[in-house]
Amino acid sequence: MEEVLNGLPKLGSAATAIGLFLAVLLILFFIGARFRGRLQGPVAILVFLGPALILVTMGLIVPAFRTIYGSTLDANQEEFVGLDNYAWIFDTQQGVLVNTILWIVIAPIASTALGLTLALLLDRMRRESVAKSLIFMPMAISFVGASIIWGLMYEYRDPAKEQVGLLSQVVMWLGVDDPPNWILWQPFNNYLLMVIMVWIQVGFAMVVLSAAIKNIPADVVEAAELDGAVGWKLFSRVTIPMIRATLIVVLTTIMIAVLKIFDIVRTMTNGNFGTQVVANEMYAQSFVQFNQGHGNALAVVLFIGVVPLIIYNVVQLRKERAIR
Amino acid sequence: MTALKRRRGAAVLAGGVAAVMLLAACSSDSSTEDSATEDTASASEEETMTDEGTDVAAGCEAYAPYMGNEGASVSIFTSILPPEQGLFEQSWSEFESCTGIDIVYEGSDQFEAQLPTRIAGGNAPDIAFIPQPGLLAKLVADGGPVPASEGTVANVDQYWNAAWKSYGTVDGTFYAAPLGSNMKSFVWYSPKTFAANGYTVPTTWDELWALSDQMVADGVKPWCGGIESGGATGWAATDWLEQIMLRMYGGEVYDKWVNHEILFDSPEVTAAMDVLAGWMKNPDYVNGGFGNVQTIATTAFQDAGGPILAGECGMLQQASFYANFWGNFQEGATVGVDGDAYAFYLPAMDDAVAPQPVVGGGEFVAAFADRPEVAAVQTYLASPEFATSKASLGTWVSANSGVPLDTYAEGSIDQLSAQYLTDLTGTFRFDASDLMPAAVGAGAEWTEMTAWFAEDKPTAEVLKAIDAAWPAS
């Protein structure tokens, strides 16, 4: 109770700050509304866009340039070292880059393919919504929570003893006497981690793709069927082209999520056992080993990786909107 | 048209809310109001104090050296949070009421990030509890701490093992006296299992291995271990290496190793790794209750001791704080010389090289202001009177040899820790990985030692990779 009371002044100061900010906004809006004539348009733009622009500049653009600049400085951000930090990445962190590329390629494709399959299988099924809800549910679990759950699934115990991990137990029931210590099982441990990502993302892919499939006009499908397209032909020649834009958006969205994958690797292995990825290495360099130069350079690499994906994604969304 | 309008309204609202949340987040980090209210509270306390008279009051005789600063206030900034905060405040409450110095305690979980910012901003605390010597050196380099008060120097010279003073010293100037301490050179075991099997606690290095072999002959894996620790995976393995380094070569070589005057890829460290390989990578010895050697890398250090209570593992090398973990494995498990779990001192290898080697850690009290009341508080915190007062409240150990051992609960792990930490003739050394640059001590050494266990990476490659990560400057 006492702690709650001690916290009240803080709450009060927060409320004051919010109130002040709203008051400033109101005054700005009021002044903006007073302008008439030639100035009306530009002032309205300034009043509405100004605060957002200032916040985006402070919160996004300035830090981005600072990070790029910081990636050319040394560990303590004191001396200029040119491209040494990038040389360090490409000389010594190749395994990390390869792992990240594997993640970007495999996890989104697997999630999307599985989501599409499920969407097709569940389409027009009875009680479709129940099945979909169940598959969508992992989406509500945080990456860290999911990793802890899957960590228990992969847990290793001496084969002679009672098993804790489900995977080991199932494999032993299938007749393998000596299951590996899954998390140490290189290079397959990378794929075991990707399973967690797929498990979470497949619900998202399924729901979005299912909606797209249902959006295909019935007359198109009928016409195709009249022309003799059934089964695989109908799927590959009609369904896929009709949902192509959605497929690409789903794929790139998951790719961007995967590019910054951090929580799963950190929780499951902390990047040990050959599973390190760029985002986790960036965190370790910046905040555990205090090498800001390496951390900034890794952030820039990640940034460069994300930009084309986002541009492609936006272009596709625009195209799709133009069609409708 | 109306739909469009409504959407615009919603967008403006959303933008506004986001902006407000940002501002609110920025404004709520200061806790100055809290200390301000405390200040006024203590001011009224002082008034009643001065009414009683300025002479040393009855019961306050022990505080005579600190008198003459009535009404002054000293702020302490630390990473130690409640509930430990309450114990600290309790331990110096008598000091406060006798001397009239008000100690304002402020704990923060962002301590290491905030302290340099506060110093740079001219808002340094009077005193800070610094969790490791590396941070102290960094602060001194940036110009923050003031040299320790004369009283503090006298206390440290008289009551602490000389090694402790060197860890509070930067470039020949002594800044900070140790506060609390922990002891890492312990081996945990089950006294009940030992009694049932007729094992005796080993007191020499050779006896330790004779006992291990005896357990192997009896069909029990003698050792278990786990180094998984989330973002800090591997630290437990660095502790094992430190124990061996200090025992094999003594303090001087250990110090050179810490300062990278001896490389990791050197005959000394290679030999120490070979000893460790014969211990924690020995398939006959490990990993009791978990499986093969590789499981050390995937077992959480918090879980590593569990098999000892189940009789599947004989011993675990871990620090004094492991006393808190046994209740997790078995409800009501007792820690004591006849209990379910207890610890013995990891024996010395060769008394001629390193008498009673102890690897440990602790925090240090640095002052940032040159005022008499700050000096008084710093001196008091280095005194046996304070250490005894704090230790009597439990779960805290001081390496101050002026604290009577019977201050600690009889037979407790705290008492056992204090017995070794306060030995002025022993070889005390600070945890090496905490002293090395973060790129090594919190980076390459962790990951490479983990790879050494998990992937059986060759020792030479492991040591070369750690050396390669050592910062150039």
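Student: Where is the place of Asn287(B) in chain B?

Tutor: Asn287(B) sits in the loop between helix 12 (267–280) and helix 13 (295–298) of chain B. Helices (H or I, at least four residues) and strands (E, at least two) are DSSP runs, numbered from the N terminus. The model is a predicted one, in which local features need pLDDT of at least 70 and side-chain atom pairs count only at pLDDT 80 or more, while totals for chains, interfaces and linings use all residues. Residues are numbered from 1 along each chain as its sequence is written, and chains are lettered from A and ligands numbered from 1 in the order in which they are written.

Student: What kind of peptide bond joins Val286(B) and Asn287(B)?

Tutor: That bond is cis, with omega about 5°. In chain A, the bond from Gln186(A) to Pro187(A) is cis, with omega near -5°. Pro187(A) is in the loop between helix 7 (166–173) and helix 8 (188–215) of chain A.

Student: Why does Asn270(A) count as buried?

Tutor: A residue is buried if 20 or more other C-beta atoms lie within 10 Å of its own, exposed if 12 or fewer, and partly exposed in between, with C-beta atoms placed from the backbone. Asn270(A) has 24 C-beta neighbours inside 10 Å, so Asn270(A) counts as buried. Its phi is near 55°, a positive value in a residue other than glycine.

Student: Why does Asp171(B) count as exposed?

Tutor: Asp171(B) has 8 C-beta neighbours inside 10 Å, and therefore counts as exposed. Its phi is near 50°, also positive in a residue other than glycine. Asp171(B) belongs to the loop between strand 4 (169–170) and strand 5 (173–174) of chain B.

Student: What makes strand 6 of chain B largely enclosed by the rest of the structure?

Tutor: Of the 7 residues of strand 6 (residues 177–183), 6 are buried, so the strand is largely enclosed.

Student: How do you know that strand 6 of chain B is joined to strand 11 of chain B?

Tutor: Two strands pair if DSSP finds at least two bridges between them. Here 5 bridges join strand 6 to strand 11 (residues 357–367), and the two run antiparallel. Ala177(B) stands opposite Val365(B) in strand 11.

Student: Into which domains is chain B divided?

Tutor: Chain B has domain 1 (59–183 + 361–428) and domain 2 (186–359 + 432–469), with bounds from an automatic or database domain assignment. The contact takes 17 residues from domain 1 and 20 residues from domain 2, where contact means C-beta atoms, placed from the backbone, within 7 Å. Helix 18 of chain B gives the largest share of the domain 1 side, 5 residues.

Key
Contact = placed C-beta atoms within 7 Å.
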